[in-house]
Amino acid sequence: MRITCPTCGERTADEFVSAGSAEVRRPEGSDNPQDWVTYVYLRDNPAGQHREWFFHAAGCRTWLQVTRDTRTHAIVAVAEAALAKPDVAA
Amino acid sequence: MRYSALSLVKNALTGNRNWKPVWRDASPKEAYDVVIVGGGGHGLATAHYLAKEHGITNVGVLEKSTIGSGNVGRNTTIIRSNYLLPGNTAFYEWSMKLWEKLEQDINYNAMISQRGVLNLFHSDAQRDAFARRGNAMRMNGVDADLLDQDQVRAMAPYLDFETARFPVKGGLLQKRGGTVRHDAVAWGYARAADQRGVDICQNCEVTGIRVENGRVAGVETTKGFVRARKVALAAAGHSSRVAAMAGLRLPIESHVLQAFVSEGIKPLVHQVITFGAGHFYISQSDKGGLVFGGDIDGYNSYAQRGSLPLVEQVMEEGMALMPMLGRLRMLRSWGGVMDMSMDGSPIIDVTPIEGLYLNAGWCYGGFKATPASGWCFAHTIAQNQRHPLSAAFRLDRFASGHLIDEKGSGAMPNLH
Ligand SMILES: Cc1cc2nc3c(=O)[nH]c(=O)nc-3n(C[C@H](O)[C@H](O)[C@H](O)COP(=O)(O)OP(=O)(O)OC[C@H]3O[C@@H](n4cnc5c(N)ncnc54)[C@H](O)[C@@H]3O)c2cc1C
Ligand SMILES: [Zn+2]
């Protein structure tokens, strides 16, 4: 698996730290415990396209949002986390 | 046919031409009392104990591929019951007890080998942690021995004791731990369940779960609709997919774990040995190959294959522990898709949907659990309530805060 970092170009996956699903959104301001359980623990876990956080630890140290197909490991899109659209999150 | 020494001799003398298939390759009936989704170790063990312990034999096990093609046939076959936390200790010890009498129970040779599981430690702090684990085990009636360096050296002189960055200082040994031939577990449970009337339906994928008025009504499959009073999910690695068919979202991610086998050599590694300074474990199969593995790849995957950086990492850890490994050729590697749960522990429970039961979240350690998982899940399905031994493995523990996190790594499935 190779990830094309916007700054560094195509790099092998072991330069990156996988930091989990980018499909979840923090229920900012909610006082409903169930919202927090959903956020912390429940996942769609799709077989198909999945957005994830990756950190380019052995490179430019940018946080990235990577869209990847979990059935094939094919990378569909890479964006800097700061520029990734948060509003598409579930 | 019952296997015995006599049946072996008779069939040998007749050229092994008269062996019968071990189980019927059934087509799904229109309706069952219980449908089990997934013909892996856990699904098949559940079918066996449903039939044997609860007298429920109108059961169909629906497997999308062939039985044994999932994780039950992909794991590194290690069994142990060296758990620390309440909720785990008694459950895994019961599993060990069931392993110890499994072959007689199902009349099938599963090559259960209690060769010992030795967890190495490499520092004073780690020794203290292992001593604590060993004490917890002994207080719960599980066997555990703390070994010093000389005792480990006597068992495995080929380890790198002094010069490695992480010198081997000793180990925690569970003598009753060991290995089991994994395929035989699938086949043996399948045969035992089949003999009591359970249908094992291969190449029958469940594509939907029909729920009527909050109650399960049956499953849609690639071979048509199958009506069922109860539906039990045991689809390890694909639990999120099948649970979603009933509208459930699980605290699980699917991840890939790889395993490796070397060319065959003469007997060398007589126990299961784990490296405490990283994540590496090794044993030797009866054919002579060294079987080993390490960490999961670390990202969501349904691909059933891993990537090369992890191969390199596992080899590096192996070399750090056992430099002579570098002289061996690696024959094969493969991957399996597993449910990684949010606290690293499994789920055996009823669900909010009446008649729907869940067995999931076994991470990379569910093979050793196969007998107890089947035992407790069968009870849960038959009695519609949790078994005392698996009572902690409830689905709502994530909301109530009663997590069972042996490793203490939090809600990061790729770190467990
Ligand atoms: C490389 C590797 C090494 C491991 N090593 C160990 C070890 O040493 N010790 C240990 O204790 N554990 C180990 N494990 C973990 C262990 O293998 C699993 O936790 C355990 O096998 C899971 O339960 P199972 O046997 O029922 O799974 P599986 O055999 O995977 O059974 C699930 C079945 O469900 C079927 N299925 C899925 N979806 C559907 C559907 N929609 N319809 C019908 N059928 C479906 C699948 O085809 C599969 O056959 C390892 C795992 C891997 C991958
Ligand atoms: Zn970069």
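Tutor: Of the 36 residues around ligand 1, the nearest are B:Glu63, B:Asn71, B:Thr76, B:Tyr364 and B:Lys368; a residue counts as near if one of its heavy atoms lies within 4 Å. This is a predicted model, where local features need pLDDT of at least 70 and side-chain atom pairs count only at pLDDT 80 or more, while totals for chains, interfaces and linings use all residues. Residues are numbered from 1 along each chain as its sequence is written, chains are lettered from A and ligands numbered from 1 in the order in which they are written, and side-chain values use heavy atoms, with hydrogens and water left out.

Student: Which polar side-chain atom lies 3.5 Å from an oxygen atom of ligand 1?

Tutor: That one belongs to B:Asn75. B:Glu63 has a side-chain N or O atom 2.6 Å from an oxygen atom of the ligand, and a polar backbone atom of B:Gly366 is 3.0 Å from a ligand oxygen. The protein covers 97% of the 1000 Å² of accessible area that ligand 1 has on its own (Shrake-Rupley method, 1.4 Å probe).

Student: What classes of residue make up the shell around ligand 1?

Tutor: There are 17 nonpolar, 14 polar and five charged residues. Here Ala, Val, Leu, Ile, Met, Phe, Trp, Tyr, Cys and Pro count as nonpolar, Asp, Glu, Lys and Arg as charged, and the others, Gly among them, as polar.

Student: And which element gives the most to that shell?

Tutor: E12(B), with three residues. In chain B, helix H2 (41-54), strand E12 (252-264) and strand E16 (330-341) each supply at least two. Those are DSSP runs numbered from the N terminus: helices are H or I with at least four residues, strands E with at least two.

Student: How much area is buried between domain 1 and domain 2 of chain B?

Tutor: About 1900 Å², with 50% from carbon and sulfur atoms. That's the accessible area (1.4 Å probe) the two parts lose on being put together, summed over both. On the domain 1 side, B:Arg74, B:Thr76 and B:Tyr364 lose the most, together 32% of what that side buries.

Student: Switching topic: how many residues of chain B are in contact with chain A?

Tutor: 25, against 24 residues of chain A, with contact meaning heavy atoms within 4.5 Å. That interface buries about 2100 Å², 52% of it from carbon and sulfur atoms. B:Arg249, B:Tyr299 and B:Asn300 supply 30% of chain B's share, more than any other three residues.

Student: What's the element order in chain A?

Tutor: From the N terminus, β-β-β-α-β-β-β.

Technical notes. A polar contact is a pair of N or O atoms within 3.5 Å; within protein, one must be able to donate a hydrogen and the other to accept it, and residues adjacent in sequence count only if both atoms are side-chain atoms.
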